[in-house]
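Q: I'm new to this one. Can you walk me through it?

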Amino acid sequence: MNRQEVFDTVYRHLMKQGRQSYSKDVPTAGGCMYRSPNGNKCAIGCLIPDEMYNKDIEGLSVFHDEVSDILKKIYPDATEKDLNFLAVLQDTHDDLDNDKTNNYENFRPLLNEAMKENAYRWNLEFNYSSN
């Protein structure tokens, strides 16, 4: 997958899911998880096939050896710049200023704006509305 395909996959996944992959029981990354107990997946978690997922990666960034090793198996031609791109997607998911108590009503508009900025920053196409 190239960056545009990764971007589109992540965008569609997160917009369909409509909320962060989160657990209040996780002290790191603001409670965000690659895969939460209710089955939600974050921006990077949705890229990791089931057979490659390991719960020990929870709380680790894409730059941690355990996570980057998985990502390099999925994307063997990934460069350091590609890992930086994945980190931006991870941060976009994790850093959304979203009140988790309001049933995530703001998630989609906030995500749409953040991803539009990411597309511009990384010179990618953005062909999505906020719906």
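Q: Which way do H3 and H4 cross, left-handed or right-handed?
A: H3 passes H4 in a right-handed crossing. A crossing is right-handed if the near helix is turned clockwise from the far one by less than a right angle, and left-handed if anticlockwise. Helices here are DSSP runs of H or I with at least four residues, numbered from the N terminus.

Q: What kind of model is this?
A: This is a predicted model: local features need pLDDT of at least 70, side-chain atom pairs count only at pLDDT 80 or more, and totals for chains, interfaces and linings use all residues. Residues are numbered from 1 along each chain as its sequence is written, and side-chain values use heavy atoms, with hydrogens and water left out.

Q: Back to H3 and H4. What is the angle?
A: They cross at roughly 160°, and their axes come within 10 Å. That makes H3 roughly antiparallel to H4. Angles over 145 degrees count as roughly antiparallel, and those under 35 as roughly parallel. Axes are lines fitted to C-alpha atoms over the stretch in contact, and angles run from 0 to 180 degrees between N-to-C directions.

Q: Which residues meet there?
A: From H3, Val-88, Leu-89 and Thr-92. From H4, Leu-111, Ala-114, Met-115, Asn-118 and Arg-121. Contact means heavy atoms within 4.5 Å. By class, this contact has 5 nonpolar, 2 polar and 1 charged residues. Ala, Val, Leu, Ile, Met, Phe, Trp, Tyr, Cys and Pro count as nonpolar; Asp, Glu, Lys and Arg as charged; the others, Gly among them, as polar.

Q: Asn-118, buried or exposed?
A: Asn-118 counts as buried, because its relative accessibility is 6%. Buried means under 20% relative accessible area, exposed over 50%, partly exposed in between (1.4 Å probe, protein chains only).

Q: What does its side chain pair with?
A: The side chains of Asn-118 and Thr-92 are joined by a polar contact of 2.8 Å. That term means a pair of N or O atoms within 3.5 Å; within protein, one must be able to donate a hydrogen and the other to accept it, and residues adjacent in sequence count only if both atoms are side-chain atoms. Leaving out residues up to four places away in sequence, Asn-118 touches Phe-7, Val-88, Leu-89 and Thr-92.

Q: New topic. How do H1 and H3 pack?
A: H1 (residues 3-17) and H3 (residues 80-95) pack at about 15°, with axes 11 Å apart. That makes H1 roughly parallel to H3.

Q: And what about Asn-123, buried or exposed?
A: Asn-123 is exposed, at 72% relative accessible area. Asn-123 sits in the segment after H4. Its phi is near 60°, a positive value in a residue other than glycine.

Notes:
Helix = DSSP H or I, 4+ residues; strand = E, 2+ residues; numbered from the N terminus. Parallel < 35°, antiparallel > 145°, perpendicular 65-115°, else oblique.
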